[in-house]
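Here's a quick briefing to read alongside the model. Have the sequence and the 3D view open as you go.

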Amino acid sequence: MADSQPKSLAPLYITMDEHDNVGIVANDGGLPAGTVFPCGLTLVEKVPQAHKVALVHIPEGGEVRRYNVVIGYALKDLPAGSWINERLLRMPAARELVGLPIATIKPDPMPPLEGYTFEGYRNLDGSVGTRNILAITQTVQCVAGVTEFAVDRIKAELLPRFPNVDDVVALEHTYGCGVAIEAPDAIIPIRTLRNISLNPNFGGEVMVVSLGCEKLQPERLLPPGTIPLIDERNVADVGDSATAKPDVVCLQDDAHVGFMSMVDSIMRQAEEHLQRLNARRRETVPASELVVGVQCGGSDAFSGVTANPAVGFCTDLLVRAGATVMFSEVTEVRDGIDQLTSRASTPEVAEAMIREMAWYDAYLDKGLVDRSANTTPGNKKGGLSNIVEKAMGSIVKSGKSPISGVISPGEKLKQKGLIYAATPASDFICGTLQLAAGMNLHVFTTGRGTPYGLAQVPVIKVATRDDLARRWHDLMDINAGRIATGEKSIADVGWEMFQLMLDVASGRKRTWAEHWKLHNALVLFNPAPVT
Ligand code: CA
């Protein structure tokens with residue numbers, strides 16, 4: 001965990017590749033004009049922490065290289081030792097989606113990592129939960145208030161009787177009606193909701209609250225056969241073939257007289273599910289049952305130096321252990337698409353990746369923007385000049401393993417290994433879509449700082465800087481800033497992360513977001529029209 005005092009450090013800049021002509025200032029608070037680095041380079045002006053300094057004279061129009069990638073072209077002469085920020089750079093154009101290297105990199109297989117386990121909840125469909133949660137699915141936003149009222153009472157009156165159940169969570173969202181439900185892209189929010197309700201942390205105990213008149217009818221959300229058959233109680237009436245039907249409380253049902261009768265119905269149904277969930281027990285399972293979603297938010301120039309490389313190292317450990325790791329955030333990989341298509345395990349995987357990028361290019365195009373709409377004022381304040389630089393730091397979360405599969409927004413995972421799960425970079429939407437894919441553990445890196453958390457899965461937060469880890473000592477679970485100060489290596493922090501994942505997945509440790517119950521909203525990705 002974080003230390004309590006800032007560390008004084010000799011003037012230090014960090015480069016990512018020997019061909020880089022800029023470095024980033026590592027020291028807390030930045031460095032003043034006149035600072036002399038051990039190599040003799042002198043700052044000609046003050047450079048804030050995490051911001052870039054020119055290591056050599058860069059002429060007007062010259063390439064500015066970081067990660068051995070051109071992140072921009074100088075808009076004027078930049079003397080050695082000057083501060084380089086977004087106002088001094090012209091951004092390169094996005095790489096075309098044709099003529100990309102396809103599955104060209106064939107890395108030597110990494111040795112399997114055996115013998116690592118965690119204590120998880122094994123489900124009927126073979127998946128494994130890291131928490132034991134009753135989730136209440138909603139077909140439409142109209143029922144959110146009633147469900148919330150009922151959930152408060154369930155927590156107060158029922159949950160104490162079921163000590164093996166961790167929590168009761170309403171899957172609230174803004175979809176379900178007032179939307180063009182026949183539009184082709186409506187499949188994205190619909191399958192997202194469907195697949196979230198099947199997340200491994202909910203034990204297959206699907207219960208639904210519906211209004212009655214909404215466009216997203218329960219049978220459309222969860223057609224017969226999509227949820228596991230628990231026992232005779234949820235068998236659908238479809239002749240001989242046994243298939244499960246969702247357990248639905250419909251508020252407009254004639255049987256409901258008065259608000260309290262609706263609340264009573266929800267509580268009665270919840271109690272049945274709680275009884276079954278309460279009978280679940282953790283068992284020892286291999287680390288290969290981890291399904292980890294990695295994400296970053298509130299990034300700075302350290303993200304790609306400390307936290308994200310440590311996540312990348314850990315990603316490779318997880319893949320070696322046979323687990324599943326998803327990386328996402330289309331606009332933050334778009335500028336490195338050639339790195340990803342070359343790392344695809346097969347041409348089909350590379351083509352799927354290109355398809356997702358092309359779909360997203362068109363989606364942004366319709367809104368008259370491009371991938372550069374991604375960066376925030378905080379990113380720039382944190383030293384990230386543009387989306388090219390941000391993307392290079394973001395991609396390293398994916399480690400070095402071959403990419404073995406691609407899923408579209410809202411789809412459920414079908415295989416293990418390193419998977420590209422296409423999602424927007426928006427923290428809440430990305431997390432929501434990774435939940436739908438079947439994530440049972442979430443890792444989130446931040447440089448500027450965000451208190452992000454989800455009610456449905458544990459979120460391990462990783463600080464990119466010592467300063468952030470120190471100030472947010474009771475929000476950050478891992479301090480990757482120790483990599484920049486030289487106290488720890490990327491491998492040290494990667495292993496620490498791996499061990500913490502096994503502890504958190506087993507329920508032996510709780511993350512800070514769990515401790516404080518910091519829960520962000522589920523936000524569905526709906527590219528289809530509303531009506
Ligand atoms: Ca994000």
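This is a predicted model: local features need pLDDT of at least 70, side-chain atom pairs count only at pLDDT 80 or more; totals for chains, interfaces and linings use all residues.

Residues are numbered from 1 along each chain as its sequence is written, and side-chain values use heavy atoms, with hydrogens and water left out.

**Around Ser127**

- Ser127 sits in the loop between strand E8 (117–122) and strand E9 (128–129); helices (H or I, at least four residues) and strands (E, at least two) are DSSP runs, numbered from the N terminus.
- Leaving aside neighbours within four places in sequence, Ser127 is in contact with Tyr121, Arg122 and Pro200, where contact means heavy atoms within 4.5 Å.

**Domains 1 and 3**

- The protein chain is split into domain 1 (1–93), domain 2 (133–279) and domain 3 (284–516), with bounds that come from an automatic or database domain assignment.
- Taken over C-alpha atoms, the centres of domain 1 and domain 3 are 25 Å apart.
- On the contact count, 31 residues of domain 1 meet 29 residues of domain 3.
- Between them, domain 1 and domain 3 bury about 2,400 Å², 60% of it on carbon and sulfur atoms; buried area is the accessible area (1.4 Å probe) that two parts lose on being put together, summed over both.
- Three salt bridges cross the interface of domain 1 and domain 3, a salt bridge being a side-chain nitrogen of Lys or Arg within 4 Å of a carboxyl oxygen of Asp or Glu.
- There are also 11 residue pairs in polar contact between domain 1 and domain 3, both residues at pLDDT 80 or more.
- On the side of domain 1 that touches domain 3, strand E2 (22–25) and strand E5 (69–74) each supply at least two residues, and E5 gives the most, with three.
- That side of domain 1 divides into 20 nonpolar, five polar and six charged residues. (Ala, Val, Leu, Ile, Met, Phe, Trp, Tyr, Cys and Pro count as nonpolar, Asp, Glu, Lys and Arg as charged, and the others, Gly among them, as polar.)

**Salt bridges**

- Side chains of opposite charge can pair when their charged atoms come close.
- How many salt bridges does a search of the whole structure find? The search turns up 30.
- Arg161 pairs with Glu271, with the closest N and O atoms 2.5 Å apart.
- Arg161 lies in the loop between helix H1 (144–158) and strand E11 (167–171) and Glu271 in helix H4 (residues 259–278), so this pair ties together parts that are 110 residues apart in sequence.
- Arg161 is partly exposed at 45% relative accessible area, and Glu271 is also partly exposed, at 24%; buried means under 20% relative accessible area, exposed over 50%, partly exposed in between (1.4 Å probe, protein chains only).
- Asp467 forms a salt bridge with Arg470 (2.9 Å, N to O) and another with Arg471 (3.3 Å, N to O).
- Asp467 and Arg470 are three residues apart in helix H11 (residues 466–471), so about one helical turn separates them; Asp467 and Arg471 are four residues apart in H11, again about one helical turn.
- Asp467 is buried at 16% relative accessibility and Arg470 is buried at 13%, whereas Arg471 is partly exposed at 46%.
- Salt bridges that share partners link Asp28, Asp300, Arg465, Asp467, Arg470 and Arg471 into one network.

**Two buried residues**

- Leu41 lies in the loop between E2 and strand E3 (52–54) and is buried, at 11% relative accessibility.
- Beyond four places in sequence, the residues in contact with Leu41 include Tyr13, Val53, Leu55 and Ala80.
- Ser197 is in helix H2 (residues 187–197) and counts as buried at 3% relative accessibility.
- Not counting residues up to four places away in sequence, Ser197 touches Thr137, Leu171, Phe202, Val206 and Leu222.

Conventions: A polar contact is a pair of N or O atoms within 3.5 Å; within protein, one must be able to donate a hydrogen and the other to accept it, and residues adjacent in sequence count only if both atoms are side-chain atoms.
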